[in-house]
Amino acid sequence: MLSRTDLFGAAAAVARRVAGAPAAAVYGEASAATIVAVVGCLLAGVPAVPIPPDSGPREREHFLGDSGAALMLGSPPWDDLSLPVIPVDVRDRADIAPPAPAPTGGTTPTPTGGTTPTPTGGTGSAPPPALILYTSGTTGAPKGVMVPASAIAADLDALAEAWAWTPQDTLVHGLPIFHIHGLVLGVFGPLRIGSRLIHTVRPTPSAYAAAGGSLYFGVPTVWSRICEDPASARALRSARLLVSGSAPLPVPVIERMRELTGQAPIERYGMTETLITTSGRVGVERRPGWVGTALPGVRTRLVDDETGEPLPHDAHSIGELQIQGPTLFGGYLGRPDATAGSFSADGWFRTGDAAVIDADGNHRIVGRRSTDLIKSGGYRIGAGEVEAALLSHPAVREAAVVGLPDTDLGQRIAAFVVTTEAAPERAELVDFVARELSVHKRPREIHFVTELPRNAIGKVRKSALAPPPTA
Ligand code: MLC
Ligand code: AMP
């Protein structure tokens, strides 16, 4: 257990070690040391680059090289690192007055909030980002999303109001602390608001049940697994609020949660690039399948794919959801082209999600515009990066990757592969991707095919890919 004073004392010691570095990688295992490391970077004004602990050499090399990290904090098990590794001891102390939690009871947008980053992606005279988080696109290697401290502060203050989150709460979750859900909401949230955090290391039903918190976070896979364990689910009856996000929460799971825990989770919607932008509210009836209204300061609109014209908010018209507001990222690191491409000509961030909005401003996410972004267990995975990894296996000639509907994971990664004559075992290909990229990006099924369906110009027709019927 770490008190607020302990945490900031140990983080101050980290801040002294990293001060002046252009960026610091942090081994992102679920531990107190990781939290101390990231907070130390924040105190030093050094961008923290959390590295997933299950990432393989190909991903690591990209994250470390692309971010310009000068050192790595933590105790990673990897022996291929070419940068200095600085272990973190949570018992270290240096002097620093811990920052007080933000006053609660009202949203106080930060003075820097309210501006939307220019689509150029240039940092200009802007302060360095608090975080650089690597996130998948439809093609190519993951891009470094620069998350400003002002965006984090604005988002957490808005969420505190939406969820009536106060210092009296005890937040419980076991999500990875290298993405915004587990890190920004799940670690910085309690620090800004002043509530306790119990991190269960893994988000298992029994650990959630045993923690006895007032506020719980989970991705839909976590909630559906809790429904499979009714005794653990019933233990959540004493919780004040359950919150779901990162992927669509299936309606049957919501209904089962209501039965077992006495409440439906509040749903909120967001992205690494925008942080959380819409949410249900405490005290407002929850509508299954809807992700609530825009948070204070956030503006949303729907745009027609073909005409580029704004669409009415009539609960029926489906368009791309676009966002402006104080919670937006500061661009993709070193990728002004990609940053510019993610904004409309008139300065709105293009989420790539298809949505409807009703007359009261409630949002429903109905799908993604590209089938090449897969959400599996709440993780965002680009089909292109898994295909590239498979193609680097000597026995793979062609590969196409899709996300298939899955009751546990939302989508599961399926790979359709044309091999050389020396066809490998399926497990070998799965392990190859797990090792090279990361474990959570591994295909859950491999289908060997003799050819991939292609259109007249040779592009793979992914809609024609389906697993063979089981006997
Ligand atoms: C299995 N394992 C292997 C393997 N196959 N290891 C190596 N090679 C292989 N071939 C091991 C894993 O290492 C792991 O071990 C164990 O098997 C289980 O792996 P898994 O099946 O992948 O994990 P699982 O338990 O199914 O994970 C489900 C889950 C996880 C829900 C816990 O998907 C999860 O944590 N999701 C959260 C993602 C998230 O936070 N997304 C937010 C993004 S931000 P071991 O030893 O580790 O158990 C965002 C914005 C927003 O989206 O709106 O929030
Ligand atoms: P990430 O980049 O990992 O932050 O993933 C962001 C994506 O997750 C969004 O673009 C959505 O497709 C999806 N997402 C997040 N929250 C929700 C939600 N509540 N409902 C549906 N999809 C969601």
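Q: Is Ser438 buried or exposed?
A: In this predicted model, local features need pLDDT of at least 70, side-chain atom pairs count only at pLDDT 80 or more, and totals for chains, interfaces and linings use all residues. Residues are numbered from 1 along each chain as its sequence is written, ligands are numbered from 1 in the order in which they are written, and side-chain values use heavy atoms, without hydrogens and water. Buried means under 20% relative accessible area, exposed over 50%, and partly exposed in between (1.4 Å probe, protein chains only). Because its relative accessibility is 0%, Ser438 counts as buried.

Q: Which residues is Ser438 in contact with, leaving aside its neighbours within four places in sequence?
A: Contact means heavy atoms within 4.5 Å. With those neighbours left aside, the residues in contact with Ser438 are Asp54, Ser55, Gly56, Glu59 and Val433.

Q: How far is a polar side-chain atom of Arg380 from an oxygen atom of ligand 2?
A: A polar contact is a pair of N or O atoms within 3.5 Å. Thr272 has a side-chain N or O atom 2.8 Å from an oxygen atom of ligand 2. For the polar side-chain atom of Arg380, the distance to an oxygen atom of ligand 2 is 2.3 Å.

Definitions and conventions: A polar contact is a pair of N or O atoms within 3.5 Å; within protein, one must be able to donate a hydrogen and the other to accept it, and residues adjacent in sequence count only if both atoms are side-chain atoms.
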